[in-house]
Amino acid sequence: MNKLFLSLIITLLCMSMPQWAGAKEKPEDALFNNYTIASAGSSASDGCYLVRVNVTTKNARLSDADLARCAVHGVLFKGFSGDNRHFEKPLAGNAAVEVQNEEYFKKFFENQAASYAELLPTSRSVTKMDKKRYVVSQVVEVRKDQLRHTLQDAGVIRGLNSAF
């Protein structure tokens, strides 16, 4: 009886192991699932957004590039709210664009995304949430016009005149 029970448990564990192995997130996926974005005011340069990005992470020393990637990702796929109930729509239109162009955006976020953002150096703050979790926050200026032109030229998003 004990051998049967033990073999049943081992069989069930072996059958569920592929699900556990496949359930792990890639580091960049985890990064993009753990942030919020909001307007940081209207004093940005022409063609830019000024946003505050808050990333929940295990590492209090999150890199500038990761913060910039989150800000660009938010501007592209989430949009953000600002003062007086003002809301900026996502530049890409919706999150389906990211799924449809997965390979392009994977390379884009690895190589180019951080170049469309500039972090304001004195605006970083780190808040400890519990033993192993921090919220890293920083104000970032995202060059939305350059970003839009790059994605339009690549054929990833449609231009403003394409509807006419």
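Good morning. I begin with Lys 89, which counts as exposed because its relative accessibility is 67%, above the 50% cut-off. Please keep in mind that the model before us is predicted.

Where does Lys 89 lie? Lys 89 sits in the loop between β4 (87–88) and α4 (96–100). Setting aside residues up to four places away in sequence, Lys 89 touches Val 75 and Gly 79. Gly 79 is ten residues from Lys 89 in sequence, and the C-alpha atoms of the two are 4.6 Å apart in space.

Let me now turn to the chain as a whole. The chain contains six helices and seven strands, and their order along the sequence is α-α-β-β-α-β-β-α-α-β-β-β-α. Of its 164 residues, 34% are buried. Among contacts with a separation of 6 or more, 61% join residues 24 or more positions apart. The accessible surface comes to about 10900 Å², and carbon and sulfur atoms account for 53% of that surface.

Next, the interior. In soluble globular proteins, nonpolar side chains tend to be buried together. Here the largest nonpolar core has 35 residues, and those touching the most other members include Val 72, Leu 76, Phe 105 and Phe 108. Several elements each supply at least two residues of this core, among them β2 (49–57), α3 (64–78), α5 (102–111) and β7 (133–142). Which element gives the largest share of this core? That element is α3, with eight residues.

I close with Phe 105. Leaving out neighbours within four places in sequence, Phe 105 is in contact with Leu 76, Phe 77, Val 97, Glu 98, Leu 151 and Val 156. Thank you.

Terms used
Residues are numbered from 1 along each chain as its sequence is written. This is a predicted model: local features need pLDDT of at least 70, side-chain atom pairs count only at pLDDT 80 or more; totals for chains, interfaces and linings use all residues. Side-chain values use heavy atoms; hydrogens and water are left out. A nonpolar core is a set of buried Ala, Val, Leu, Ile, Met, Phe, Trp, Tyr and Cys residues joined through side-chain atoms within 4.5 Å. Buried means under 20% relative accessible area, exposed over 50%, partly exposed in between (1.4 Å probe, protein chains only). Helices (H or I, at least four residues) and strands (E, at least two) are DSSP runs, numbered from the N terminus. Contact means heavy atoms within 4.5 Å. Accessible areas come from the Shrake-Rupley method with a 1.4 Å probe; for residues, only the protein chains shown count as cover.
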